[in-house]
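Dear colleague,

Please find below the structure that I am passing on to you. My notes on it follow directly after.

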Amino acid sequence: MNYSRKIEEGISRYLEKVASYLREAPSDERDEIIRDLQSHIYDALASRSGAEPTLADLEAVLSEMDPPESYGPPVSGDTDAHPAPTATGPTRSLGSWAMAAMIAGIILPILLVAAGAIFGRGMNAVQIAVGFAVTLGIILELLALILGLMSWCEKTGKVAAIGAGVLILMAMLFGFALLWWYELS
Amino acid sequence: MRQWITQLRKGLLEFCILNVLSNGESYGYQIVQRLETVEELAITESTVYPILARLRKDGYLKVRSSPSPGGPPRRYFSLTALGRRRVREMNEYWDDLNHSIDAIRQNETSSGDNS
């Protein structure tokens with residue numbers, strides 16, 4: 001199948017307009033809709049005109065399709081706007097926060113223990129830092145687990161919830177092992 | 001367009017899409033073409049593709065890409081195990097509802113004839 005540059009540009013323009021009306025949709029859903037619509041246009045062109053579609057064929061295909069406005073209200077009101085870079089829906093934000101809490105729950109306790117070891121005086125300071133670090137880590141991982149479960153339908157939310165769950169489980173096993181070891185010794 | 005018809009159509013879209021895919025995998029253009037034959041539903045691509053994306057995200061559909069004779073790869077949709085269960089439940093519910101509504105309508109018609 002041969003498509004001229006003008007046809008491909010015409011398809012891109014239509015898809016960009018649709019994307020501008022889908023700005024409020026989650027980015028993964030918007031990308032899927034655009035990919036499906038792109039295939040739809042090429043399939044419609046192929047069924048209409050065979051191997052050598054013309055610009056007139058494309059115009060006919062697009063005129064039979066829904067106008068870009070059918071996909072929702074544009075944020076800027078500019079129908080010629082380019083596709084939005086990313087979506088910022090509430091579910092996506094929640095998943096990102098869950099991921100941030102999970103990572104912070106690993107990094108911050110490590111930094112806290114390191115600070116205690118470097119700047120503290122004696123073993124007592126290190127022990128206090130470890131105590132704070134463990135508490136902070138558990139609070140952040142619990143937060144990540146809750147946020148992750150709330151945004152389970154999102155990939156980042158799912159990863160954060162599973163990650164936080166595994167970390168909490170590991171911390172509990174480590175704690176029990178430590179207690180058992182103290183009792184033995 | 002009457003408001004109740006619009007509301008009824010919206011509710012039936014997902015049901016129809018899942019039923020189309022219960023006959024086997026299909027790609028976007030094919031699904032739209034199939035659904036456009038049901039004139040009463042007035043289905044177009046701007047209603048079908050967002051629902052396909054949502055159903056895929058919710059785990060009812062899976063997608064595989066396959067090269068197309070011309071243009072970008074085609075995305076073939078098919079039901080997951082969850083999707084098959086959903087369409088089975090929806091069909092059972094639809095049959096029960098249809099049966100009950102038919103019974104009500106027949107009762108109303110016969111009582112109307114008697115009066």
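In this predicted model, the domain assignment divides chain A into domain 1, covering 5-71, and domain 2, covering 90-184. The C-alpha centres of these two domains of chain A are 47 Å apart.

As to secondary structure, chain A contains six helices and zero strands, so that its pattern along the sequence reads α-α-α-α-α-α. Chain A has 185 residues, and 35% of them count as buried. Its accessible surface amounts to about 11100 Å², with 67% belonging to carbon and sulfur atoms. Where contacts in chain A link residues at least 6 apart in sequence, 70% of them join residues at least 24 apart.

The largest nonpolar core comprises 50 residues, and those touching the most other members are Tyr14(A), Leu37(A), Ile41(A) and Leu52(B). Both chains supply elements that give two or more residues to this core: from chain A, helices H1 (5-21), H2 (27-49) and H3 (55-64); from chain B, helices H1 (3-21), H2 (28-36), H3 (45-57) and H4 (81-114), along with strand S3 (74-79). The most is given by H1(B), with eight residues.

With neighbours within four places in sequence set aside, Leu52(B) is in contact with Ile17(B), Leu21(B), Ile31(B), Leu61(B) and Phe77(B). Another core, of eight residues, lies apart from the one described above; Met99(A), Ala144(A), Ala160(A) and Ala164(A) are among its members.

With kind regards

Notes: Residues are numbered from 1 along each chain as its sequence is written. Chains are lettered from A and ligands numbered from 1 in the order in which they are written. This is a predicted model: local features need pLDDT of at least 70, side-chain atom pairs count only at pLDDT 80 or more; totals for chains, interfaces and linings use all residues. Side-chain values use heavy atoms; hydrogens and water are left out. Helices (H or I, at least four residues) and strands (E, at least two) are DSSP runs, numbered from the N terminus. Buried means under 20% relative accessible area, exposed over 50%, partly exposed in between (1.4 Å probe, protein chains only). Contact means heavy atoms within 4.5 Å. Accessible areas come from the Shrake-Rupley method with a 1.4 Å probe; for residues, only the protein chains shown count as cover. Domain bounds come from an automatic or database domain assignment. A nonpolar core is a set of buried Ala, Val, Leu, Ile, Met, Phe, Trp, Tyr and Cys residues joined through side-chain atoms within 4.5 Å.
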